[in-house]
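Welcome! Here is a short briefing to read beside the model. Take a moment to look at the chains before you start.

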Protein chains: 2
Amino acid sequence: MLEQKGNLFILSGPSGVGKGTVLDALLKDYNDICYSISTTTREPRKGEVDGEDYFFASEDEFKSLVKKDEFLEWAKVHNNYYGTPKKYVDKTLEAGQDVILEIDIQGAKQVRDKFDGGIFIFLAPPSLKELESRINKRGTETKDAIATRLENANKELEEKKNYDYLVVNDQVEDAIKKIEAIIIAERCRL
Amino acid sequence: MLEQKGNLFILSGPSGVGKGTVLDALLKDYNDICYSISTTTREPRKGEVDGEDYFFASEDEFKSLVKKDEFLEWAKVHNNYYGTPKKYVDKTLEAGQDVILEIDIQGAKQVRDKFDGGIFIFLAPPSLKELESRINKRGTETKDAIATRLENANKELEEKKNYDYLVVNDQVEDAIKKIEAIIIAERCRL
């Protein structure tokens, strides 16, 4: 059998739904998929290795990469730029390795425009009430900020119609099991 | 959330590939799916219960059910009729329960014509050589019968293009894991 190209999985969902937690747990449990390394303009933290944790770039370099359309998606967050390098993802997929991106709804939209055949997984909260309680538990935001975030989440939930799979993040273990199943099943797809 | 209708999975593949073995092992391991009960005209064996192992019917009754289009698929095997009763499958799916059928390629074709939205899984041998060795191991058939069977298998392998998923039955445990993953993933499909 010919070496099969890898699949690109996009894990997205409203802010606060637990994408990071779920992905970290998934990657710990399941090492047959590759997490895409992002390019960023933020300063390396202690112990972070270029090409392992991130591809570190200056703002000029980053903007030049944007101009050359070198990102599957990118965004500016808190004065730093973050992007998913197209070449790195392509190279990994060509080698037959599956890749998973964990990005917000806007990023997922960009990937949908730029990449054919991505598999989009929407991670949803059990309910908006539950999302509110999760964001409150973080205790890092003002009431106004929380209200805005929930309003956005409500809008973002409508986006799920553009996704291939819906995974409700009720119990993290369940969500991981479902995402693993989606990865295995997609490899069997004809 | 509204109760979701169950999914109908069709496990098929060339004769001798191990559909029965895989399904038996799957159902032992995984009790969240229902194996469809067939209608048959063959005599009940000792201990078999009507409505549990099979729905037993006379040949006249069976033929009348065929006329009324009451089967998703049916076939005559060794002078006995076997069929998958449409009503039983529909009722089970309506109750939100997934159903799996284990049928040959011809039966799967019939189901494709009669049922919308079935999920078709093609169970394939690792190779035709492997299939030959499996059939030989059974030791129940003449050389000519085996040759015919392999010729048919070759034709049947071409059928896989009409299926949603391909599972290679190399190791039974792997095949089961993949089918389980397909069932879980399909429940998350949007």
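Between chain A and chain B of this predicted model there are two salt bridges, a salt bridge being a side-chain nitrogen of Lys or Arg within 4 Å of a carboxyl oxygen of Asp or Glu. In one salt bridge, the side chain of B:Arg189 meets that of A:Glu186, at 3.2 Å from N to O.

**How to read the names and values**

- Residues are numbered from 1 along each chain as its sequence is written, chains are lettered from A and ligands numbered from 1 in the order in which they are written.
- In this predicted model, local features need pLDDT of at least 70, side-chain atom pairs count only at pLDDT 80 or more, and totals for chains, interfaces and linings use all residues, while side-chain values use heavy atoms, with hydrogens and water left out.

**Where chain A meets chain B**

- Eight residue pairs, both at pLDDT 80 or more, are in polar contact across this interface (a pair of N or O atoms within 3.5 Å; within protein, one must be able to donate a hydrogen and the other to accept it, and residues adjacent in sequence count only if both atoms are side-chain atoms).
- On the side of chain A that touches chain B, strand E9 (165-168) and helix H7 (172-188) each give two or more residues; helices (H or I, at least four residues) and strands (E, at least two) are DSSP runs, numbered from the N terminus.
- H7(A) gives the most to that side, with eight residues.
- Sorted by class, that side has ten nonpolar, no polar and six charged residues, where Ala, Val, Leu, Ile, Met, Phe, Trp, Tyr, Cys and Pro count as nonpolar, Asp, Glu, Lys and Arg as charged, and the others, Gly among them, as polar.
- In all, 16 residues of chain A are in contact with 16 residues of chain B (contact means heavy atoms within 4.5 Å).
- The two chains bury about 1,600 Å² between them, 71% of it on carbon and sulfur atoms; buried area is the accessible area (1.4 Å probe) that two parts lose on being put together, summed over both.
- In chain A, the residues that lose the most area to chain B are A:Cys188, A:Arg189 and A:Leu190, together 37% of what that side buries.

**Salt bridges in the whole structure**

- Over all chains, a search finds 21 salt bridges.
- One of them joins the side chains of A:Asp69 and A:Lys114, at 2.7 Å from N to O.
- This pair links distant parts of the chain, 45 residues apart: A:Asp69 is in the loop between helix H2 (59-67) and strand E5 (71-77), and A:Lys114 is in helix H4 (residues 105-114).
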